[in-house]
Amino acid sequence: MNNDLNRILIENAIRLNLRNFDFDDKRCIRKLIDTGIHLAGKNDENHIFESIGELFKDENSLYYPAVSKLMKNSDKEKFIQFGINLGYNTFNKAATTIQQMSSKYNKNIPWIADMDVTAYNESGYSTATFSKLVNHYGTLGINAYIIRFDAEVSEDAYINILAVIRQNQYTNFLLILPDKPISDALLERMSTLSNILVGLTFNGENTDNNRTRLAENKVLSAVRVVVDGNYVNEILGDAAITDSAAADDTMGSGAAEQAAETVKSHPLLSRVASYESPIIIFETAPGMTADEVKHFNSGIPAIRSNPPEPVFIINLAYDIQNINRMTSGKEISTHITVKPASNAE
């Protein structure tokens, strides 16, 4: 994915808008959302920006202070780069390419690729091989990646992957890290990148120190919580709803509003709201039953529509499939298997 004239114009407009952020942050935020809606035009992805816009309709919405905190604790240029990568390159340009390639090759193409890096396959992530992989999937329209690192992955593998991320500055990467201290060498490299979101284990032994160091280096981060069956009701409280329409609601409007008034705060959300980057990523544990997962997914839109704390909630697998349905009309597997270099085809 490359730069183009439209993106340059968008960047200039956003920079001009953000000059006044400290004086009128709400107006600037609304203008940013309107820009996203305008860019999407009549494409199916337009619903994504319209749904986001719904969250900011209330002048007293807690999303305003959440965005303000992100902006004040982030490098504005990095914020602009990451946001335009997602809003323009991924949900606009790449989505169009996905639709074209899906029709041309009669295959299902997800908007995001999810891959694992382990001690077994890290040789498959050398700078040369990983660069070829990203270039290949880029031609199909994939412009966002989730990279999950195993605890035993070597630092060299991280460095190789970060080098490729640097080469693809208009593509976004969610890096889900194990609960290990981030080395100075990796932190230095991460601090120069504008297209990463680093996911940290919630309540990990090294989480607070890693989170603080990332914030000091202006690296956007989030905490990741794996929800099991026993934790669902504790998180959702009275927000869990059974209306099937709400379970298909991407950002929290519609049927979920019926339960919005009953949403109560939770110590987990309160804690994340106090972080420099108030973003929480939920994933459901593999052992959860289908009913438990459905129950959890049905409650998240109610919390989003009326958040009890100024936090951004990403319900990762469910949100990904909602966007797949918007861009391709169906749910699509996002996992990519990377083999060790000796076995790679």
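## A nonpolar surface patch

A patch of this kind is made of residues with over 30% relative accessible area and no salt bridge, nonpolar side chains being joined within 5 Å. In this predicted model, such a nonpolar patch is formed on the surface by Leu5, Ile8 and Leu9, which together have about 290 Å² of accessible area. Leu5 has its place in helix H1, which covers residues 5–18. With a relative accessible area of 59%, Leu5 counts as exposed because the cut-off for that class is over 50%.

## The chain as a whole

The secondary structure of the protein chain comprises 15 helices and eight strands, and 52% of its 345 residues are buried. Of the contacts in the protein chain with a separation of 6 or more, 76% are between residues 24 or more positions apart. The accessible surface of the protein chain amounts to about 15800 Å², and carbon and sulfur atoms account for 49% of that area.

## Nonpolar cores

The largest nonpolar core contains 73 residues, and those with the most contacts inside it are Met115, Phe130 and Ile147. Helix H5, spanning residues 76–105, gives the most to this core, contributing seven residues. Apart from this core lies another, of 16 residues, which include Val225, Val227, Tyr275 and Ile280.

Note on methods: Residues are numbered from 1 along each chain as its sequence is written. This is a predicted model: local features need pLDDT of at least 70, side-chain atom pairs count only at pLDDT 80 or more; totals for chains, interfaces and linings use all residues. Side-chain values use heavy atoms; hydrogens and water are left out. Patches are made of residues with over 30% relative accessible area and no salt bridge: like charges are joined within 9 Å, nonpolar side chains (Val, Leu, Ile, Met, Phe, Trp, Tyr) within 5 Å. Accessible areas come from the Shrake-Rupley method with a 1.4 Å probe; for residues, only the protein chains shown count as cover. A salt bridge is a side-chain nitrogen of Lys or Arg within 4 Å of a carboxyl oxygen of Asp or Glu. Helices (H or I, at least four residues) and strands (E, at least two) are DSSP runs, numbered from the N terminus. Buried means under 20% relative accessible area, exposed over 50%, partly exposed in between (1.4 Å probe, protein chains only). A nonpolar core is a set of buried Ala, Val, Leu, Ile, Met, Phe, Trp, Tyr and Cys residues joined through side-chain atoms within 4.5 Å. Contact means heavy atoms within 4.5 Å.
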